[in-house]
Amino acid sequence: MKNLPVRMARWSAAHPWRGIVGWFVFVVLCLGIGISVGTNAATTEDFRIGEAGRGEAIAAEGGLQQRPVEHVLITAKPGAGKLDIAAADSAAADVAARMAKLPEVLSVADPVRSAGNTAVRVTVTMKGPELEGKKHVDPLIAQTAAVQRANPGLRVEETGSPSISKGVEKLRGDDLSRTEMIALPVTLITLLLVFSSVAMALVPLLLALSSIAAAVGLSMVASHVFPDAGVGTNVILLIGLAVGVDYTLFYLKREREERARADGKLSPQAVVELAAATSGRAVVLSGLAVAVSSATLYLADDVIFSSIATGAIVVTLVAIVSSLTVLPAVLAKLGMRAERRAERRAVRGLAPKKQKAHRTGPGRLTAAVLRPVAKHPVATLTVTVVGLLALAAPVLGLKLTDMGRETHSRSIVAMQVYDRLNAAYPELKSMHQVVVRADADRSPEVTAALRELAADVKDDPRLSGTSRLTTSPDKRISMLQLQVPHYVSSDEAQSSLKDIRDKYVPETVGRVKGAKTAVTGDVARYTDYPTHQEQKLPLIIGALLLVTFVMTVWAFRSVVLGLVGIVLNLLSAAASLGILVMVFQHTWAEGLVDFTSTGSIGSRVPLFLFVILFGLSMDYQVFVISRIREAALRGVPTRKAVVEGIGSSAGVVTSAAAVMVTVFASFAALHLIEMKQIGFSLAVAVLLDAFVIRMLVLPSLMLLLGEANWWPSQGVRRARHSTEQASRPLESVS
């Protein structure tokens, strides 16, 4: 009763208004400070990965880096027949003149007719870094709309990286708003079913939302150390709602148990302290496990994963603080209010209000599940493990790719134009950029070698045959751009990149003495990112296993339980990933889950799934095993302690899982394929973890291990010995 969670709960319960007001002051301060310092957004340089990133860095040295580019496409109106080429040329000239006057525009290329004169294109290059284009594209879109109004007989429309990125950003915002509209009411309904009280149901939700608000502010501050890649807020919402409600739920359920056990003999403050002594410690351990697990994402050496890690860590730590400070204060206040109501009823001579009996044992369904598990642990363990391994089998066919631009939803208008642009100008689908850095006096030699390379690949059917050579003003950096009339994910684009890197570059510019070469561009970016993730995956999984083991051993002083935690988490994650592959790498579930299969899984998804699942599964593991260990420390035999601990914690674990699944499943409804895959996989993982791992595999395994569960700790053995010693005098008297 002297550990930190209890001391914090004791103070908050003794000074409830200070605790409540102090929390909301903390939230306001976090938001205020965050808004005042602003968000440090990741720059183009932060996203550079592998050889493609190295090539971009070399190109940037000479001012040859990629710029934000927009294309204005002029075609005939649907059903209008053949394009009036004269009218299209006139509209294109109008577009070019208007765009050239805009301060956001760096240059405007001459209009280009497509093969067969079915379209006319005007390419506009914007000022500033590539990532900044979406912030300044509105004036360009406005001018395109003006030309459309002036030419009602034509279809004048715009697409490009800036307008697509802007459309994706808007779609993500709309999706998240819709997600909140789904997740929040369903979470509230779940909590109402659990507590049968509006006040008690609102507490977890309000605390989770306030934790999210504080975390958003703190993440803005943290972004000045770990730049925000634009996903931080999404992660904070996703993780914050899940763990915030979970931690509060664990605490509330335990407080209710202690209050029922006290039967009015303890003050609300004392009941809160008792809950803090058990669930408070479990919340701290669980939260630290999520935070430390999330921190392993920094090992990915990737700004997106750094941003994810920062968001997850910040919101989890804030959720821990809220459960140890404001939650005890709120519970104490609600308890005191209930006491006052009881006193007023007594003064009026009314009978005490009948309290709903609080069930501490397993429910009927849980008891029905645990009965065969307790009788046949070997059979249960064998069947469930074989089943999970069968679900995990599709992982062997896992194909990771970067979800490129062509995978974005066609509900974005710019993506519809993107399809029409690529149909008319297939050479714009993707490109290779061969970048060379050499001393200025070798510029003629480099130029000759790049022209030789262009000549070598001119007749390659995988390329368009068009190329462009540029050199920096100081003659040190040169770049050859080769157009690829295939999407980055196609076999043609991929094989051409391999040949350019392995054959054409070494045979040409690779022979220039002292020259540094790199191949970048759309195809290289698409290829190098998944390769980078695959290389980092073993390191991060190894770190995760170590973290899981250390945290479990630290929590329960048991090496055996540490190993059990590793095995169970691997089983759960592998099975979830296997189901993800079954659903998203094939087409059979497209209508069911509302997506178009790319035949692959987003390269970020497995890492995100493993890290977040390992962290969140510690919530259930710590909570469940804590209950088992409590019983064992009271001298209850391990076999009985396992059944008792699983049974007493099943209700809260089921409720917590229902909340998490609701939150994650709502993300599966998003249009962005990678976010859909993440939401789906996490929802499946939580279902498996809560209902299969914790209800079947864990109790079976612990029943079979028996006393070995606690090795090498002597705490349980000493507790049992003390219980036996205390019972002997009674036996002799009888």
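So, Thr552: it is buried, at a relative accessible area of 1%. Buried here is under 20% relative accessible area, exposed is over 50%, and partly exposed is in between, with a 1.4 Å probe and protein chains only. Thr552 sits in helix H17, residues 522–556. Helices are DSSP runs of H or I with at least four residues, strands are runs of E with at least two, and both are numbered from the N terminus.

Thr552 has a polar contact, side chain to side chain, with Gln621 at 3.5 Å. For that term, take a pair of N or O atoms within 3.5 Å; within protein, one has to be able to donate a hydrogen and the other to accept it, and residues adjacent in sequence count only if both atoms are side-chain atoms. Leaving out residues up to four places away in sequence, Thr552 touches Arg557, Leu561, Gly562, Met618 and Gln621. A contact means heavy atoms within 4.5 Å.

Before I go on, the ground rules. This is a predicted model, where local features need pLDDT of at least 70, side-chain atom pairs count only at pLDDT 80 or more, and totals for chains, interfaces and linings use all residues. Residues are numbered from 1 along each chain as its sequence is written, and side-chain values use heavy atoms, with hydrogens and water left out.

How confident is the predictor? pLDDT is its confidence in each residue, from 0 to 100. The protein chain averages 88, and 95% of the residues score at least 70.

Now the overall picture. The chain has 23 helices and eleven strands, and its C-alpha atoms fill a box of roughly 105 × 55 × 50 Å along the principal axes. Of the 734 residues, 53% are buried. If you take contacts between residues at least 6 apart in sequence, 80% of them join residues at least 24 apart.

On to the cores. A nonpolar core is a set of buried Ala, Val, Leu, Ile, Met, Phe, Trp, Tyr and Cys residues joined through side-chain atoms within 4.5 Å. The largest one has 164 residues, and the members touching the most others are Phe584, Phe608, Tyr620 and Phe664. Helix H20, residues 605–633, gives the largest share of this core, with 19 residues. What does Phe608 touch, not counting residues up to four places away in sequence? The list is Val235, Leu238, Phe305, Ile308, Leu613, Ile678 and Leu682. There's also a second, separate core of 27 residues, including Val434, Ala438, Val484 and Ala515.

The expected span is 1.5 Å times one less than the number of residues. For the 16 residues of H13 that gives 22 Å, and the end C-alpha atoms are 22 Å apart, which agrees. Buried residues in H13 are Pro377, Thr380, Leu381, Thr384, Leu388 and Ala392. Looking down the axis, they fall within an arc of 95°, so they line one face of the helix. That arc is taken from the directions from the helix axis to the C-beta atoms. Over on the other side of H13, Val378, Val383, Val386 and Ala390 are exposed. The cover over the buried residues of H13 includes helix H12 (364–375), helix H18 (559–584) and helix H22 (673–705).

Ser210 counts as buried, at 7% relative accessibility. Its side chain makes a polar contact with the side chain of Trp23 at 3.0 Å. Beyond residues up to four places away in sequence, Ser210 touches Trp23, Phe24 and Val27.

Where is the cis peptide bond from Trp711 to Pro712? Pro712 is in the loop between H22 and helix H23 (715–733), and omega for that bond is near 5°. Then Arg557, back from the Thr552 contact list, has a positive phi of about 55° although it isn't a glycine. Arg557 is in the loop between H17 and H18 and is partly exposed, at a relative accessible area of 43%. Asp594 also has a positive phi, near 60°, in a residue other than glycine. Asp594 lies in the loop between helix H19 (590–593) and strand E11 (601–602), and at 55% relative accessibility counts as exposed.

Notes:
pLDDT = per-residue confidence, 0-100.
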